Structure formats: C-alpha cells, structure tokens
Amino acid sequence: MLSRTLTSFRNVIVKKTIHFKQTRHHSVESLMEKYSLQKSICQSKKLPKDVNAEGVFACNELDLKEVNIYGFDYDYTLALYKPTMDYLLYNLGRQILIEQYKYPKEISRLDYIPDFAIRGLHYDIKKGVLLKLDSFLQIQFGSVYRGLTPLTDDEVLRLYRNRIMPIAYVEGNIKDNRQTSNTMIQLADLFSVPEIGLLCNVTDYFEKNHVDYHPEILFRDVRASLIDAHLVMHKIVPENVAHYLEPNKNLRLFLERLKNANKRLFLVTNSPYKFVNKGMDFLVGPDWKTFFDVIIVQARKPRFFTDKSRPIRIYDERSGNHIWDRVTKLEKGVIYYEGTVKQLQELTNWRGHQVLYFGDHPYSDLADVTLEHGWRTGAIIPELKHEIKTLNNTEFKENANWLQMLTQIIEDHQDCEGEDEERILQNWLDERDDLRYKIKIVFNAQFGSVFRTYHNPSYFSRRLFRFADIYTSNITNLMNYSVNHTFYPRRGVMPHEYISYFV
Ligand SMILES: [Mg+2]
C-alpha cells in the first residue's frame, strides 16, 4: 500500500517536472500565438466603468454616525484657489529674490510654467535636483530634473549610486514642518508647487548661463522669498478674493446640513484672520462665523498638534489687536489664535474618535492628529479631479488593461531559450516600456500621476493612505452622501492572494 502511494507520488513529481521543462520551451509560433490570443482577450474585455470624479474614497472604514465634531483647515481645504494664486506667489517670490536677495534682474523674464511640477515630489537640497519617489523609496527614472532638464538614468546613478534612497536621507526629521534639517524636502502642499517652479526656473537659468551657484543657498533663498511672498499675498488676496478663490455654492449648504444634523464645527488654520474672514465671506457669506463653534487662526500647524504647551489667545476683531487675557473657555463668535490641540480638547471635552478633521497637508494636517490624538481624518486632494478624468479616458483604460495582460504573458514566458524567442520577449518588454510611458505622461508630462509611480504607489500616496481615513477632491463632495453614511474601504488583492472578480 505504502509503496503504491510512493510510486504514484513519484509519478506526480515526474509529471510535474516534465511539465515544468516543457514550459521553458516556447517556439516562436507559440509565443506569437499567445500574444494574439492575449490581445484578442484584452480587446473582448469590457472596459472598467468610469470612476466618479466627485466620489469620496475610503482608506479605512469610517462611520459618520460616530462623528459629532467636524474640523477643517482653511487653505486648499475649505478654500480652493484658482491658478492665479500660483502665478501670484511665483511672481511675488521672484520679485523678492531680485529686490532683497539681489538675484540677476534677468530672472524677471522667467515666467511661471504651469503643469511643470506636481505635488508630492522630493527636492534634494544638496544636489539641486527634483525627483519623484515611489513607496519603496525608489527613484522614478525619467522623472529626475535639474532645473527644467531631465537627467539621464546614468546621470542619476552617478549622482546617487543606487536607485533606492536610504530612508534617513529622504525623511530625516519629518516632524520638522519647514524641514530645515533635512537633505530632502517634499512638496507636500499645493502652495509649494509655485515655489518649486521658481526654484527650477532659476536653476535652469544658472545652468544654461554657466553661473556658478550653490544649490542649497539657492534653495534657502527661494524658500525665504516665498515665506515673505505669503505675507504679501495675505494682504493682496483680500482686496480681490474673486480673482483668486474658486467659488463653491455648495459650501454653505454643506455647513448648513452639518449644523442641522447637530454636528459641532471648528476651524483651525495657519492663515491670519483678515485673510480668512474675506475668503469665508466670499465663499459662505458674511455670517460664516455662526457655523463654527471654535475658530482658531494663525495656529502654526503642525506645532498646534505637537506642542505640549502654548497658550490659546484671543484676537480682538474690532481693534485687530491680541488680547492678553487667560482663556478658560472657548466661546462661539470669538476668534482665537495659537494654542495647542491639547487645550482645544481639554476646553471642549471633544474626544478623538468623535472628531473628523479635514485638511490638505498629509503631515501638518493629518499625520499627528491620527497618530497622536486618534482623530479621524479626511484629505482634500484637488488634483484628484484631473487624475480621475485621466483614468476615465478610453485610451488610458485600454492601455492600462493591455499593460497588465502583456506583463502577465511576459512573466509566464520569460524563461525561453533561443535567440528568436528572446527577440520576441524583448519586443514585448519594449512594448511594455512604451505603454508605461504612455500611461504616465497623460497625467503630467514630466512626473506622471501624483498617486502612482508606474505600478507602485508614489511616496505621496503611501503617506496619504496611511494618514487619511477618506479622501476626495472637494470638501462638498460629501454632499453626495448622507451624514450617517459609512465609508467602507475596498478589499484589495494582496500579492499572495488569488485574483477573483469578487475581491
Ligand atoms: Mg491647507
């Protein structure tokens, strides 16, 4: 009995070995046949349904019934800006570089280039290059720029010796909001896009005119100019808010709906009161303050979320002065500034899991409140609108589908022997490279999608998915869901799991 079992077991092994050997030999004909078959399967497949560009997407389950308190950041969360904001910050920064930092007057001819950079990129302060990293800290070749010029793969390898970055080099101290001690800084918010545009334009000017410059000094001067540009911007924008702010007729309705559902609302912003007041007046109406139970301006996030002690203070709206009184309770209609989240929680008795805070900055808005205080979080990512529109394009869907299926036949047939067969494999690999390039540049010609680096998630999206329970392109997209809605994350397929239509 035992010997029969052993024999049949051996037969199975032998059969399997033969089968394995057979699969290593693919004739040219069988490879071409496989390619045609795969192509026709791909063409017969129905393309995926369009994604709702106004959807709210879940990284983590979130039941809105449990949320009693809604908190908001202001810039790029409640208030979305038109491209005029990028031009304003860029032009102000450029003017400050020339006037205060004595940069060559010729840079005044360098205009802002929209759609050059995207959010989430890293800038290497020491080496003066802008690059995109994926979630494994791998550099995306073809997306490494000095100024406006891409570096070749060889140049990148000469510079870094490796395509994977050491974590200490990339992250240093990420709690340092201004990231002053880091070698690399990340463009984590949308205000940093015009800043990086200025940095790249000036770098390009220096490179092309053979001007000797130090990348770190240039970086620090541009950063300082943009900090000053923000102060000027805070005075310019209130004079003509309609020129800079995207109107949003649903915002008032959204706030009303939350109030009608007995939710408490608060605002914590780093911007100054007069700037926020004009903007909210434009977006919601002159009575905007009545919607909020607590309003904190100039909060200095992320320090607002990380500092142990810094008193909450009162801002006197009428005189524009700061009042020195001790704050023992938070009142509706009073404007506060500075303080810490610890005090906010103590004075209101709000507990972490009841609070849902919306922000656009994955670190200073979302990371600490999630990790330290257990708040639920929502990320507002305006770029999603363009990303989803691109995903919904028929040609994109066809290319992405075919890329997946082509990769599958490459994986299954890669062990072939013989020159002719290898040539076919090489053609497939070249076609795959071509497809990957095509589906990258439709998002952004230089850097591709904010969320992906080829098949991997980008560094930015890994962070985002870790710190945000839900994300969407506009805060008022929540109007598409009831105040009792539960957001369920999709069950993704892990590499070791079977692929099923049901996952
Ligand atoms: Mg913001």
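**Why do we call it that?**

Trainee: Which residues is Asp-75 in contact with, leaving aside its neighbours within four places in sequence?
Mentor: Asp-75 is in contact with Thr-269 and Ser-271. Keep in mind that we are looking at a predicted model.

Trainee: Where does Asp-75 sit, and which UniProt annotation covers Asp-75?
Mentor: Asp-75 lies in the loop between E3 and H3. An unreviewed UniProt entry gives Asp-75 the annotation "binding site".

Trainee: Why does Asp-75 count as buried?
Mentor: A residue needs 20 or more other C-beta atoms within 10 Å to be called buried. Asp-75 has 21 C-beta neighbours inside 10 Å, so Asp-75 counts as buried.

Trainee: Which residues does the "binding site" annotation with Asp-73 cover, and what makes us say that they gather at one spot?
Mentor: That annotation, again from an unreviewed UniProt entry, covers Asp-73 and Asp-360. They span 288 residues in sequence, yet no two of their C-alpha atoms are more than 7.7 Å apart, so they gather at one spot.

Trainee: Where in the fold are Asp-73 and Asp-360 found?
Mentor: Asp-73 is in the loop between strand E3 (69-72) and helix H3 (83-99). Asp-360 is in the loop between strand E14 (355-359) and helix H13 (362-371).

Trainee: How do you know whether Asp-73 and Asp-360 are buried or exposed?
Mentor: Count the C-beta neighbours and set the count against the cut-off of 20 or more. Asp-73 has 26 C-beta neighbours inside 10 Å, so Asp-73 counts as buried. Asp-360 has 26 C-beta neighbours inside 10 Å as well, so Asp-360 is also buried.

Trainee: What does each of them touch, if residues up to four places away in sequence are not counted?
Mentor: Asp-73 is in contact with Val-268, Thr-269, Phe-358, Gly-359, Asp-360 and Asp-365. The residues that Asp-360 touches include Asp-73, Tyr-76, Asp-189, Asp-365 and Ile-380.

Trainee: Why are H3 and H6 called oblique?
Mentor: The axes of H3 and helix H6 (residues 192-208) come within 9 Å and cross at roughly 45°. That makes H3 oblique to H6, since 45° also falls between 35 and 65 degrees.

Trainee: Which residues make up the contact of H3 with H6, and how do they divide?
Mentor: The contact is made by Asp-86, Leu-89, Tyr-90, Gly-93 and Arg-94 of H3 and by Val-193, Pro-194, Glu-195, Gly-197 and Leu-198 of H6. They divide into 5 nonpolar, 2 polar and 3 charged.

Trainee: What is the handedness of each crossing?
Mentor: H13 passes H17 in a left-handed crossing, whereas H3 passes H6 in a right-handed one.

Trainee: Where is Glu-398, and why is Glu-398 called partly exposed?
Mentor: Glu-398 is found in helix H15 (residues 394-413). Glu-398 has 16 other C-beta atoms within 10 Å. A buried residue needs 20 or more and an exposed one 12 or fewer, so 16 falls in between and Glu-398 is partly exposed.

Trainee: What makes Lys-102 and Asn-349 worth a look?
Mentor: Lys-102 has a positive phi of about 55° although it is not a glycine, and Asn-349 has a positive phi of about 65°, again without being a glycine. Most residues other than glycine have a negative phi.

Trainee: Why do Lys-102 and Asn-349 count as exposed?
Mentor: The limit for exposed is 12 or fewer. Lys-102 has 9 other C-beta atoms within 10 Å, so Lys-102 is exposed. Asn-349 has 7 C-beta neighbours inside 10 Å, so Asn-349 counts as exposed too.

Terms used: Residues are numbered from 1 along each chain as its sequence is written. This is a predicted model: local features need pLDDT of at least 70, side-chain atom pairs count only at pLDDT 80 or more; totals for chains, interfaces and linings use all residues. UniProt positions are given in the numbering used here, feature names are shortened, and annotations may be inferred rather than shown by experiment. Helices (H or I, at least four residues) and strands (E, at least two) are DSSP runs, numbered from the N terminus. Two residues are in contact if their C-beta atoms, placed from the backbone, lie within 7 Å. A crossing is left-handed if the near helix is turned anticlockwise from the far one by less than a right angle, and right-handed if clockwise. Axes are lines fitted to C-alpha atoms, for helices over the stretch in contact, and angles run from 0 to 180 degrees between N-to-C directions. Angles under 35 degrees count as roughly parallel, over 145 as roughly antiparallel, 65 to 115 as roughly perpendicular and the rest as oblique. Ala, Val, Leu, Ile, Met, Phe, Trp, Tyr, Cys and Pro count as nonpolar, Asp, Glu, Lys and Arg as charged, and the others, Gly among them, as polar.
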